[in-house]
Amino acid sequence: MDKALILEKTRYFVKDKMYKEGSGHDWFHVERVCNIARYLAQKESADMFIVEMTALLHDIDDWKFSDVYNTTVTEEFIKSVEVSEEDSNKILNIIKTMSYKGGVVNSTQNTIEGMVVQDADRLDALGAIGIARAFAYGGSKNRSMYDPSIKPMDFKSLDEVKNKDNHTINHFYEKLFKLKDLMNTDTGKEIAKKRHKYMESFIEEFYSEWNFK
Ligand code: ADP
Ligand code: NI
């Protein structure tokens, strides 16, 4: 199968599977990640096929939504569209290692394709969209927006990341404000800086409205 056809089939498969996801992992997230990833890939001379395939498939098997993390669905799909063994190893390797997971595991990327897709995924967690996604995710877990009696904290284990019932503002400290210093590519860093600033002013305004006197 030629690569353009594989990409088309993959887009169709992912869109169908993720269209109605309500926690911020929906198809539109994937579409935005693909757009950013393509932009970064061009700037960084990364392999466009690997980058697009990985961006499309990166959230199909999400560790937060199952007890045992595996990439069964992704692997089966990749096999069905006849991606070469070499390419499918590259794609799966990135997908298995790119997730932040509360910062409690090592998610360092050692290929330019991995760096690009990880940056793209992280950029979509920043800025106006990132803020909206954080509250959408918190809402899907019935979490409050904010509780001043709970001080900002980091997580210690994957179990805590998944189950700790924290307010959503904590997520900015535990993850979002850290991402700009974790970007891999120069282009990613630049975009992250702008989105980071926007979130800082959002948080400042949030507290000032919260503490209205
Ligand atoms: P990654 O794939 O890098 O691990 P996640 O899947 O954890 O990223 O995050 C997906 C989206 O949900 C992001 O926008 C992220 O900021 C948001 N999110 C994840 N955990 C939380 C949380 N505890 N509170 C609010 N938003 C969250
Ligand atoms: Ni994602």
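Buried means under 20% relative accessible area, exposed means over 50%, and partly exposed lies in between (1.4 Å probe, protein chains only). In soluble globular proteins, nonpolar side chains tend to be buried together.

This is a predicted model, in which local features need pLDDT of at least 70 and side-chain atom pairs count only at pLDDT 80 or more, while totals for chains, interfaces and linings use all residues. Residues are numbered from 1 along each chain as its sequence is written, chains are lettered from A and ligands numbered from 1 in the order in which they are written, and side-chain values use heavy atoms, with hydrogens and water left out.

Not counting residues up to four places away in sequence, Leu 57 touches Thr 10, Phe 13, Val 14, Thr 74, Phe 77, Ile 78 and Ile 95; contact means heavy atoms within 4.5 Å.

Helix α2 deserves a separate description. Helices (H or I, at least four residues) and strands (E, at least two) are DSSP runs, numbered from the N terminus. The 18 residues of α2 should span 26 Å at 1.5 Å a residue, and its end C-alpha atoms are 25 Å apart, which agrees; the expected span is 1.5 Å times one less than the number of residues. The buried residues of α2 include Trp 27, His 29, Val 30 and Val 33. Its buried residues pack against α1 (3–18), α3, α6 (112–123), α7 (127–140) and α10. Just after α2, Ser 45 takes a positive phi of about 50 degrees.

His 29 (NE2), His 58 (NE2), Asp 59 (OD) and Asp 121 (OD) coordinate the nickel ion (ligand 2) at 2.1 to 2.3 Å. His 29 in helix α2 and Asp 59, in the loop between α3 (48–57) and α4 (72–80), are 30 residues apart and link distant parts of the chain. Both His 29 and Asp 59 are buried. Donors are N, O and S atoms within 2.8 Å of the metal (3.2 Å for Na, K and Ca); water is not among the atoms, so sites may look incomplete.

A search of the whole structure finds twelve aromatic pairs. Rings of Phe, Tyr and Trp (its six-membered ring) pair if their centres lie within 6.5 Å; planes under 30 degrees apart count as stacked, over 60 as edge-to-face and the rest as tilted. Two of the pairs are tabulated.

| Pair | Centre to centre | Angle between planes | Type |
|---|---|---|---|
| Tyr 173 and Phe 177 | 5.6 Å | 65 degrees | edge-to-face |
| Phe 202 and Phe 206 | 5.9 Å | 50 degrees | tilted |

Tyr 173 is partly exposed at 27% relative accessibility, whereas Phe 177 is buried at 17%. Phe 202 and Phe 206 both lie in helix α10, four residues apart.
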